[in-house]
Amino acid sequence: MANENYTVKNVDCFIITGFDHLQNQKLLGFLILITYMLTLLGNGINLCIILTNRHLHKPMYILICNLAVVDIMFSSTCSTTMISVLLAEIKTVTYYSCISRTYVYHLGDFTECMALTLMAIDRLIAIRLPLRYHSIVTNSRTFLFISVTWLAGFAVIGFVISIVDSVPYCQPVIRYVFCEYASMIRAACVNPEPYFFIPVMISLWPLCGQFPFIICTYAVLAYSVTKLSNNSSKKQMINTCLSHLIVLLSFYAPKLVSGILTRIGVVLNLTERNAILIVASLVSPLINPAVYCTRTKEIRTRLADVFLRKKIVPNNFKSISMAVSS
């Protein structure tokens, strides 16, 4: 009966307790901090290189920029919470901060799925219809499809978050490592199982719809690449597709592992669930910029030019000063 007196308005803040059982909390906190800083650095470099170079204002690079923005948003939402809990030892999160972080986290998850799908379609058209690619895939159409994916994300995730906001909460304790849908529903004084039906149905779309579709597109691309007679073009296409596959697997692998283990009847304890959650949230945003910096020729060349200029400029100043002094 006591639980019936609690409503969502009585919970002003939540306490994050997902790390309480760990021995080396500071070490994990520093690892997450370093990962987060590298994520910001890598995605920031990609954004700066593409935005400042007009030659890279093309559909494929616009899609890479979109993915970089999503990665920054996605990782920032969960990383800042975990860093504050582990390093600053601030375990409390206000209710409205928690629900807004949950919204942004799942919005990033949704838009990343859509971004990877758009990138797969872009590569499919580029290889299958190379002569018509520039007339089909234009900058304006790319911006349009990106905008549609974001609007869809705002609507779908908004509906999911409205469910979280409508349930009563009995205790201000979150047993997970940051704020997200499952952690908040399990903190509510309701039977959580019925509340997972709609999110599970939504999550089945990327796992059973988008992921197989993307794999099929890359299978078609692999077949098309083998038919190319030009070795240089073949090598470039292989590098591009391999980059996209690495990014794809880094994002979907944790989801597939969790889904497969659940399907075969393996019951994951809270620590294992938290570990998969951390890997899924941090690895993909870290790998994505590294892959595109090292495997995309234009970005790699531009990055090399920036560092070479930095090395050459001091020498020029040195020679000028020597000439003046003489």
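Colleague: Before we start, what counts as buried here?

Modeller: Buried means under 20% relative accessible area. Bear in mind that this is a predicted model.

Colleague: Fine. Cysteines, then. Is Cys113 buried or exposed?

Modeller: Cys113 has a relative accessible area of 4%, so Cys113 is buried.

Colleague: And Cys189? Buried or partly exposed?

Modeller: Partly exposed. The relative accessible area of Cys189 is 24%.

Colleague: How many disulfides are there?

Modeller: The count comes to one disulfide. Cys98 is joined to Cys179, with an S to S distance of 2.1 Å.

Colleague: What is its handedness, and why?

Modeller: Left-handed, because the torsion about the S-S bond of Cys98 and Cys179 is about -115°.

Colleague: Where do the two ends sit?

Modeller: In distant parts of the chain, 81 residues apart. Cys98 is in helix α3, residues 95-128. Cys179 is in the loop between β3 (173-174) and α6 (181-187).

Colleague: Are those two buried or exposed?

Modeller: Cys98 and Cys179 are both buried.

Colleague: Switching to packing. Which residues touch the most other members of the largest nonpolar core?

Modeller: Phe14, Met82, Tyr169, Ile174 and Met184. That core has 41 residues.

Colleague: Take Met82. What does it touch?

Modeller: Beyond four places in sequence, Met82 touches Phe19, Ile32, Val177, Phe178, Ile278 and Leu282.

Colleague: What about a second core?

Modeller: There is a separate one of 38 residues. Ile50, Leu56, Ile64 and Leu221 are among them.

Colleague: What is Asn274 in contact with?

Modeller: Gly18, Arg175, Tyr176 and Val177, leaving aside neighbours within four places in sequence.

Colleague: How far apart are the C-alpha atoms of Asn274 and Val177?

Modeller: They are separated by 6.4 Å, and the two residues are 97 apart along the chain.

Colleague: And Thr149? Which helix?

Modeller: Thr149 lies in α5, residues 139-166. At 6% relative accessibility, Thr149 counts as buried too. Setting aside residues up to four places away in sequence, Thr149 touches Phe110, Thr111, Met114 and Leu118.

Colleague: How does the lining of the largest pocket divide by class?

Modeller: It has 27 nonpolar, seven polar and seven charged residues.

Colleague: And the second largest pocket? What volume?

Modeller: About 710 Å³. The second largest pocket is lined by 24 residues. Nearest its centre lie Met60, Arg123, Gln236, Thr240 and Glu298.

Colleague: Which element gives the largest share of that lining?

Modeller: α8, with eight residues. At least two residues come from each of α2, α3, α4 (133-136), α8, α9 and α10 (297-325).

Colleague: How many of the residues lining the second largest pocket are nonpolar, polar and charged?

Modeller: Nine are nonpolar, eight polar and seven charged.

Colleague: What lines the largest cavity?

Modeller: Leu116, Met119, Ile214, Tyr218, His244, Leu248 and Tyr292. Two or more lining residues come from each of α3, α7 and α8.

Terms used: Residues numbered from 1 in each chain as written. Predicted model: local features only at pLDDT ≥ 70, side-chain atom pairs only at ≥ 80, totals over all residues. Heavy atoms only, no water. Helix = DSSP H or I, 4+ residues; strand = E, 2+ residues; numbered from the N terminus. Buried < 20%, exposed > 50% of the residue type's maximum accessible area, 1.4 Å probe, protein only. Contact = heavy atoms within 4.5 Å. Disulfide = S-S within 2.5 Å. Core = buried A, V, L, I, M, F, W, Y, C linked by side-chain atoms within 4.5 Å. Nonpolar A, V, L, I, M, F, W, Y, C, P; charged D, E, K, R; others polar. 1 Å grid on protein atoms, 1.4 Å probe; cavity = no way out; pocket = protein on both sides within 12 Å on 5 of 7 lines; lining within 4 Å. Points joined across faces, edges and corners; volume = space filled by probe spheres on them.
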